[in-house]
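Biologist: I am new to this one. Please show me the structure, and then I will ask about it.

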2 protein chains.
Amino acid sequence: MRPATIFPNPVDPVDKLKSALLAYSPATSTSEPRLASALKATFTQPGRLVRAQLLLRGSLLHGLPEKEALSLATAIEYFHLASLLFDDLPCMDNSMTRRGHPCLHQTHGEATTILTALALINRAYALAHDTLSHFSPIAQKAARGCLEKVLGAGGILEGQSRDLSYSAGPRSEREVLRVAVKKTGSLFLLSVYLPTMLGPANESEQRAVRALCVYWGLIYQVIDDLNDVLSASSDTGKSSGRDELLNRPNLAIAIGVPAARRRLIRLFELANRTIQKLSRDNRWSYLTEFHHTYFLEPVRQKALLDTRSAA
Amino acid sequence: MRPATIFPNPVDPVDKLKSALLAYSPATSTSEPRLASALKATFTQPGRLVRAQLLLRGSLLHGLPEKEALSLATAIEYFHLASLLFDDLPCMDNSMTRRGHPCLHQTHGEATTILTALALINRAYALAHDTLSHFSPIAQKAARGCLEKVLGAGGILEGQSRDLSYSAGPRSEREVLRVAVKKTGSLFLLSVYLPTMLGPANESEQRAVRALCVYWGLIYQVIDDLNDVLSASSDTGKSSGRDELLNRPNLAIAIGVPAARRRLIRLFELANRTIQKLSRDNRWSYLTEFHHTYFLEPVRQKALLDTRSAA
């Protein structure tokens with residue numbers, strides 16, 4: 001599949017991001033061989049670089065020089081890659097495949113996978129803070145706070161923690177959605193909201209951007225949940241039907257497929273309304289493009305919004 | 001055992017550090033209960049806070065306000081705690097006990113242990129970078145570089161990676177020492193060297209401090225190796241005799257106990273010479289105190305330097 005892109009020229013920025021992922025790699029010529037090999041393997045299936053593309057585009061539109069924008073985008077992708085490495089571990093989701101290939105812990109062992117993820121996280125913080133150092137102290141402080149909140153015990157780690165403890169709780173719709181906002185919404189927030197802290201976005205725009213990231217986190221997860229229930233393994237590149245097996249939060253299981261579809265339609269309405277509000281200013285048009293390419297088109301192709309079966 | 005201390009008033013700073021560890025905890029009132037419980041458990045056995053004490057004392061001597069010094073010391077202790085949580089995991093050292101208590105992965109599971117360590121790391125980076133923001137751009141840049149190097153794929157992660165792959169390599173003395181410098185020396189370097197980047201240390205002092213941290217990393221590890229071979233589990237609070245069992249790097253196994261003792265004597269000579277050089281300036285006297293309290297006294301008490309058996 002060709003990577004989904006939100007750039008006018010679809011090849012160039014994605015290639016630049018792929019080069020940046022390699023160029024900024026924490027591996028050195030004297031690295032321990034197994035760790036170096038694991039880092040290399042991590043970059044050979046870079047995926048669609050969705051979050052990095054969002055951050056790069058947003059950063060450029062908010063006036064960041066390309067070098068800084070690429071460095072910040074690489075940081076976000078490293079955080080994302082690290083989160084996938086941890087999520088797939090036997091003690092977490094116990095996944096066998098990722099992006100159609102064996103997971104890193106299958107090929108390099110659990111210990112090396114953990115060290116690889118930590119190396120990516122350390123480099124990501126360094127890249128992010130180096131980049132932030134070029135901005136005003138006020139912008140730096142706000143962005144540091146955002147990084148901490150989104151990546152910490154009240155952000156993506158809370159999402160993963162609630163995900164893992166879901167089966168012991170009430171398994172409510174509310175808890176499913178909370179996991180989605182924290183676990184999936186967090187990195188969208190970082191990708192879209194962070195650049196707005198470094199440029200001239202106003203407060204009402206920033207509120208709208210934050211709301212949009214919540215809707216996207218939820219939309220992403222409800223699509224994933226429906227796919228998990230409805231699809232075969234070959235379609236998603238991940239192991240499927242696992243949520244029921246592992247008692248993991250899944251809206252389609254919690255409230256049924258028809259109700260989950262209706263919820264998805266409602267979320268698309270909310271996201272559309274927010275995007276319309278933002279698109280009064282041309283700077284935000286990339287969010288509209290991304291929304292269509294990344295969420296609306298695949299959902300239409302798979303007829304996930306087809307509510308005839310929900311009637 | 002009363003915590004080893006390097007402060008004139010032995011109670012006050014350690015208590016302040018213990019309070020800071022709790023006060024800066026990444027847990028919030030709405031944290032997922034299992035993650036919050038794991039974080040709480042992590043702080044109930046704070047150990048001797050050796051690295052935090054070193055950093056606090058050095059920072060105060062280099063003119064940092066107490067609030068900033070405590071925040072930076074807490075950050076270093078969080079990095080250290082996280083490294084212990086990862087090291088003890090079944091896929092790493094597979095330890096059962098730490099500081100005389102069951103390891104966190106024994107009481108809270110592996111997944112929660114990983115998330116706890118990541119929460120500590122995220123908070124530690126935030127505390128460190130918030131504190132650094134009060135210094136000049138040049139000092140900030142140097143300190144950021146130090147943080148990245150020491151905590152990254154060329155620092156503590158390389159040490160752990162070489163530690164784990166040791167059995168597959170030549171098991172040479174050189175590799176044992178390299179693991180010790182990277183794995184154990186790294187956090188000493190952060191604790192002692194980082195404050196010198198924020199104050200008025202000159203280059204020759206900074207070189208001496210860096211060398212001392214290498215010796216300390218080696219001394220610490222050779223003591224640990226001798227203890228692992230010679231002691232019973234109750235003495236160290238950790239599982240013992242495990243290095244041979246797990247084919248882990250251990251100098252006393254690689255070159256024999258007598259040769260390891262001679263190597264330890266030589267390292268003490270080198271460290272003493274460096275400390276004498278530094279102690280021409282009173283600011284560095286805390287390193288002499290620490291060296292005696294933390295390394296020399298316990299080694300004398302255990303007669304680890306008694307070379308009659310090595311004759």
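Biologist: How many of the 23 residues of α6(A) are buried?

Modeller: This is a predicted model, in which local features need pLDDT of at least 70, side-chain atom pairs count only at pLDDT 80 or more, and totals for chains, interfaces and linings use all residues. Residues are numbered from 1 along each chain as its sequence is written, chains are lettered from A and ligands numbered from 1 in the order in which they are written, and side-chain values use heavy atoms, without hydrogens and water. Buried means under 20% relative accessible area, exposed over 50%, partly exposed in between (1.4 Å probe, protein chains only). Helix α6(A) is largely enclosed by the rest of the structure because its buried residues number 21 of the 23.

Biologist: What does α6 of chain A reach from its first C-alpha to its last?

Modeller: Helices are DSSP runs (H or I, at least four residues), numbered from the N terminus. The expected span is 1.5 Å times one less than the number of residues. For α6 (residues 110-132) of chain A, 33 Å is expected, and the helix comes close to that with a reach of 33 Å.

Biologist: Which helices of chain A do the buried residues of α8(B) pack against?

Modeller: Helix α8 (residues 156-165) of chain B is largely enclosed, because 10 of its 10 residues are buried. Contact means heavy atoms within 4.5 Å. In chain B, the partners of these residues are α4, α7, α9 and α10; in chain A, they are α2 (33-44) and α6.

Technical notes. Helices (H or I, at least four residues) and strands (E, at least two) are DSSP runs, numbered from the N terminus.
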